[in-house]
Amino acid sequence: MPRTETPWGPWEPASPAEVVELFRGLGTPWWIGGGYAIELEVGHAYREHGDIDVGLLRRDQAAARGLLAGWDCWAADPPGTLRPWPQGEILPAGVHDIWVREDPEGPWRIQLMLDEADGDDWVYRRDSRIRRSLASFTVAEDGFSRIAPEIQLLYKAKGRRPKDERDFTEVLPRLDGARRAWLDEALATEHGTHPWRERLRPPE
């Protein structure tokens with residue numbers, strides 16, 4: 001895995017296999033997100049990854065912190081500050097990003113992302129009008145789940161970094177009509193106009 005330097009120390013992300021082995025013991029839902037989730041949909045690797053995202057519901061954060069009792073966990077407090085996340089603390093609503101490493105001297109290995117939920121629905125944290133049933137929020141793999149590609153693309157649509165554009169281009173042919181329609185509607189709700197919307201429409 002590549003090593004990426006940051007102001008808070010280097011990243012040497014865990015592999016998907018290492019993540020699956022670790023989180024197999026978590027008794028609440030979790031999933032692989034980010035670029036790895038897109039690559040899993042595409043079916044092959046096509047770029048390097050500076051980190052690995054593991055998603056879970058905010059309401060399950062205590063279970064995840066318990067699983068990581070022996071790890072060094074830091075919460076990303078907006079704007080742009082990392083601070084320790086001790087066991088027993090319930091993170092406030094504004095914190096949704098957690099960096100995790102085996103020990104304080106080691107590299108960062110996993111990024112936890114907290115998602116919002118209302119009963120049986122996932123709720124998009126940037127625009128609560130956008131919702132999805134939790135039953136259709138993830139896609140099952142062999143022994144784990146990954147975030148549905150159209151939902152991951154919704155998160156990526158805001159920044160449109162080069163890697164986000166690459167992910168959109170690579171996965172677009174894999175999106176069926178229903179997934180394209182959902183993402184198009186979600187982009188319209190959050191952004192109004194967006195360059196990806198035209199590309200999501202099927203050719204006439």
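These entries record what I looked up in a predicted model.

**Entry 1: helix H5**

I began with helix H5, residues 162–171, and listed its buried residues: Asp164, Glu165, Asp167, Phe168 and Val171. Viewed along the axis of H5, these buried residues fall within an arc of 160 degrees, so they line one face of the helix. I then looked up what covers the buried residues of H5, and found that the cover includes helices H2 (34–42), H4 (149–156), H6 (177–191) and H7 (195–200).

**Entry 2: H4 against H6**

Two of the covering helices, H4 and H6, I examined as a pair. Their axes come within 9 Å and cross at roughly 25 degrees. Angles under 35 degrees count as roughly parallel, and H4 is therefore roughly parallel to H6. The crossing of H4 past H6 is right-handed. On the H4 side I recorded Pro149, Glu150, Ile151, Leu153 and Leu154 in the contact. H6 contributes Arg179, Trp182, Leu183, Ala186, Leu187 and Glu190. By class, the residues of this contact are eight nonpolar, no polar and three charged.

**Entry 3: Asp60**

Is aspartate 60 buried or exposed? Its relative accessible area is 13%, and buried means under 20%, so aspartate 60 is buried. Leaving aside residues up to four places away in sequence, I found aspartate 60 touching Thr28 and Pro29. I also noted tryptophan 30, which is 30 residues from aspartate 60 in sequence, with a C-alpha to C-alpha separation of 9.1 Å.

Conventions
Residues are numbered from 1 along each chain as its sequence is written. This is a predicted model: local features need pLDDT of at least 70, side-chain atom pairs count only at pLDDT 80 or more; totals for chains, interfaces and linings use all residues. Side-chain values use heavy atoms; hydrogens and water are left out. Buried means under 20% relative accessible area, exposed over 50%, partly exposed in between (1.4 Å probe, protein chains only). Helices (H or I, at least four residues) and strands (E, at least two) are DSSP runs, numbered from the N terminus. The arc is that of the directions from the helix axis to the C-beta atoms. Contact means heavy atoms within 4.5 Å. Axes are lines fitted to C-alpha atoms, for helices over the stretch in contact, and angles run from 0 to 180 degrees between N-to-C directions. Angles under 35 degrees count as roughly parallel, over 145 as roughly antiparallel, 65 to 115 as roughly perpendicular and the rest as oblique. A crossing is left-handed if the near helix is turned anticlockwise from the far one by less than a right angle, and right-handed if clockwise. Ala, Val, Leu, Ile, Met, Phe, Trp, Tyr, Cys and Pro count as nonpolar, Asp, Glu, Lys and Arg as charged, and the others, Gly among them, as polar.
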